Amino acid sequence: MTTSTQAPAVVPGSTAHTDGAWSLIPVQTRSERPRSFDPADFAVPTGREVNWKHTPVEAIATLFHDAASDDRDGDPAVDYNITAGDGVELGSLRIGESPRGDVFEPEDIVAAIAWSRTEDALHVRIADGAEIDAPVIVRMQGSGAGRRANAHVVVEAGANSHATVLLRHDGAAAFAQNVEIIVRDGAHLELVSLQQWDDDAVHAASHQARVERDATLRHIVVSFGGAVVRVNPSVELSGTGARGELYGLSYSDSGQHLESQVYLHHKGADTTGDVLYKGALQGEGARSVWIGDVLIGPDAVGTDSYEANRNLVLTEGARADSIPNLEIETGDIRGAGHASATGRFDDEQLFYLQARGIAEDEARRLVVLGFLVEIVQKVGVPALEEELVAAIETELAQEVGR
């Protein structure tokens with residue numbers, strides 16, 4: 001009798017165990033994930049991989065295929081409209097033209113396809129020393145559900161500059177997007193990514209940033225619309241005294257999947273990190289995913305870092321996944337911590353307001369607004385803050401309408 005032995009299946013992104021090749025351990029540590037500019041170096045996700053296991057891969061499978069943007073004569077899949085004033089330089093960068101690729105290196109197949117399929121990346125540069133009062137607005141409007149679009153955007157804040165850049169997404173498309181962010185010495189950049197897609201849009205974005213000496217990046221992700229929206233920011237605090245503030249706000253309705261996988265790497269000395277994401281969920285099948293990874297490297301002495309995620313579940317049938325992780329490779333730090341909490345509506349708060357004569361619907365509105373407005377107030381642009389509060393009000397009105 002002949003017997004055969006079959007080797008176990010290889011889990012994508014796995015590495016051989018030191019005991020031998022028979023035992024394979026999936027890559028779990030955020031900093032160890034493979035990187036490549038070539039889409040062929042990544043397997044098509046199955047949903048079992050550590051960075052895809054919380055994502056409905058079947059819903060965004062179209063983004064796993066190496067395809068060009070579905071642009072037609074005079075009708076691009078995603079149309080750009082840019083508003084920028086003095087002190088802002090707009091241009092394009094082909095592959096191999098610095099600073100494109102100075103910071104960004106794809107970590108998954110979607111990002112690698114977006115990199116290779118975008119011949120001319122949009123380059124938004126804030127001039128050295130410029131102080132831009134009005135936000136730079138890059139509006140990306142999808143022209144149709146299912147129409148494929150790839151993009152790579154480079155946002156560069158010159159030394160000692162100060163500016164706000166708003167990336168606004170609406171309409172519908174199947175959008176694979178890379179955003180490369182470079183904050184030079186002494187600069188202060190606020191970048192807001194606002195997702196107000198139509199209900200049938202899918203959007204997978206990788207944001208990668210480097211913050212240099214004594215510079216600050218305030219990165220804010222706000223997601224309201226879209227069937228599946230996955231915006232993953234990765235920020236390296238490379239320079240001494242660099243600061244990273246990573247904030248997020250999401251409101252997931254019935255059938256929506258809103259996701260952010262956040263990575264903050266303290267690399268330089270005396271760096272400061274503050275991560276806070278908040279989400280509200282309502283309706284059957286409403287889903288949010290937040291994964292937060294903080295790495296304090298061996299040279300990041302004097303680091304002060306904290307990350308937190310808070311979720312408010314408003315109805316039955318909604319689900320929030322929240323996974324904070326913290327790695328510390330040096331003992332010489334000022335402080336580090338992480339927290340996560342997911343809960344239902346606070347009946348005591350509701351009772352308190354109703355006991356003072358406030359109707360139940362109004363009381364619920366006040367509690368939810370009070371929970372989410374902390375993130376809204378960090379935007380720092382009054383007109384946009386008003387718009388976001390109005391968007392939250394609209395979401396709440398839909399809940400009351402049910």
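Student: Is tryptophan 52 buried or exposed, and what is its relative accessibility?

Tutor: Tryptophan 52 is buried, at 4% relative accessibility. Buried means under 20% relative accessible area, exposed means over 50%, and partly exposed is in between, using a 1.4 Å probe and protein chains only. The model is predicted: local features need pLDDT of at least 70 and side-chain atom pairs pLDDT 80 or more, while totals for chains, interfaces and linings use all residues. Residues are numbered from 1 along each chain as its sequence is written, and side-chain values use heavy atoms, leaving out hydrogens and water.

Start with the aromatic rings. The structure holds four aromatic pairs. Tryptophan 52 forms one of these pairs with phenylalanine 64, in an edge-to-face arrangement with 5.3 Å centre to centre and 85 degrees between the planes. Both residues are in the loop between strand 2 (20–26) and strand 3 (78–83), 12 residues apart. For a pair, ring centres of Phe, Tyr or Trp (its six-membered ring) must lie within 6.5 Å; planes under 30 degrees apart count as stacked, over 60 as edge-to-face and the rest as tilted. Strands (E, at least two residues) and helices (H or I, at least four) are DSSP runs numbered from the N terminus. Phenylalanine 64 is buried as well, with a relative accessible area of 5%. Phenylalanine 175 and tryptophan 197 form another edge-to-face pair, at 5.9 Å between centres and 65 degrees between planes. That pair links strand 7 (residues 162–183), which holds phenylalanine 175, to strand 8 (residues 188–197), which holds tryptophan 197, 22 residues apart. Phenylalanine 175 and tryptophan 197 are both buried.

Valine 110 lies in helix 1 and is buried, with a relative accessible area of 3%. Setting aside neighbours within four places in sequence, valine 110 is in contact (heavy atoms within 4.5 Å) with Trp52, Leu63, Phe64, Ala176 and Ala204. Both members of the tryptophan 52 and phenylalanine 64 pair are thus on the contact list of valine 110. By contrast, valine 110 and arginine 310 are 28 Å apart, C-alpha to C-alpha, and 200 residues apart in sequence.

Helix 1 (residues 109–117) has seven of its nine residues buried, so it is largely enclosed by the rest of the structure. The buried ones are Ile109, Val110, Ala111, Ala112, Ile113, Ala114 and Trp115. Their cover includes strand 6 (136–157), strand 7 and strand 9.

Trp115 is one of those buried residues, and the charged end of arginine 100 sits over the ring of tryptophan 115, 4.5 Å from its centre. The criterion for such a placement is NZ of Lys or CZ of Arg within 6 Å of the ring centre and within 35 degrees of the ring normal. Threonine 118 is buried at 7% relative accessible area. Not counting residues up to four places away in sequence, threonine 118 touches Ile95, Arg100, Asn150, Ala151 and His152.

Strand 9 (202–211) and strand 11 (228–237) are the elements that give two or more residues to the lining. The lining divides into no nonpolar, seven polar and five charged residues. Here Ala, Val, Leu, Ile, Met, Phe, Trp, Tyr, Cys and Pro count as nonpolar, Asp, Glu, Lys and Arg as charged, and the others, Gly among them, as polar.
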